[in-house]
Amino acid sequence: MKLFGVKDIKKGESTEDTAFRRQLLEELDIVTEKLSQIRESYDMTDEPELVDALIYEELAMKARYDYLIRTAKERNIRCRLTVSE
């Protein structure tokens, strides 16, 4: 499922900037999907060790998500939130 899409490519934006923007948004999609999968996995297990592993994995993905959002803000990258399968 894709959630983030490139809003508008700015006039004068370099090819490198456009590629960075696309890569960042694709990575946000991947991390968002992974977080969704982790949350679904909580319902499928009752083993304490697996729950612990899911907690650590979720914390790691949230940290990655925060980093990507912070990077997007620093680079003034804007996007539309879209939901597509």
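Reader: Is Ile55 buried, partly exposed or exposed?

Author: In this predicted model, Ile55 is found in helix H2, which covers residues 48-74. Buried would require under 20% relative accessible area and exposed over 50%. Because the relative accessibility of Ile55 is 36%, the residue counts as partly exposed.

Reader: Which residues make the nonpolar surface patch, and what is its area?

Author: A residue joins such a patch with over 30% relative accessible area and no salt bridge, and Ile55 has 36% relative accessibility. The patch is made by Ile55, Tyr56 and Leu59, and its area is about 330 Å².

Reader: Which helices do Arg64 and Glu27 link through their salt bridge?

Author: The side chains of Arg64 and Glu27 meet in a salt bridge at 2.1 Å, N to O. The pair links distant parts of the chain, 37 residues apart, with Glu27 in helix H1 and Arg64 in helix H2.

Reader: Which residues are linked with Glu58 in a network of salt bridges?

Author: The side chain of Glu58 meets that of Arg39 in a salt bridge of 3.4 Å, N to O; Arg39 lies in helix H1 and Glu58 in helix H2, so the pair ties together parts that are 19 residues apart in sequence. Glu58 also meets Lys62 in a salt bridge, at 3.8 Å, N to O, and these two residues of helix H2 are four residues apart, about one turn of the helix. The residues linked with Glu58 in the network are therefore Arg39 and Lys62.

Reader: Is Glu58 buried or exposed?

Author: The cut-off for buried is under 20% relative accessible area. Because Glu58 has a relative accessible area of 12%, this residue is buried.

Technical notes: Residues are numbered from 1 along each chain as its sequence is written. This is a predicted model: local features need pLDDT of at least 70, side-chain atom pairs count only at pLDDT 80 or more; totals for chains, interfaces and linings use all residues. Side-chain values use heavy atoms; hydrogens and water are left out. Patches are made of residues with over 30% relative accessible area and no salt bridge: like charges are joined within 9 Å, nonpolar side chains (Val, Leu, Ile, Met, Phe, Trp, Tyr) within 5 Å. Accessible areas come from the Shrake-Rupley method with a 1.4 Å probe; for residues, only the protein chains shown count as cover. A salt bridge is a side-chain nitrogen of Lys or Arg within 4 Å of a carboxyl oxygen of Asp or Glu. Buried means under 20% relative accessible area, exposed over 50%, partly exposed in between (1.4 Å probe, protein chains only).
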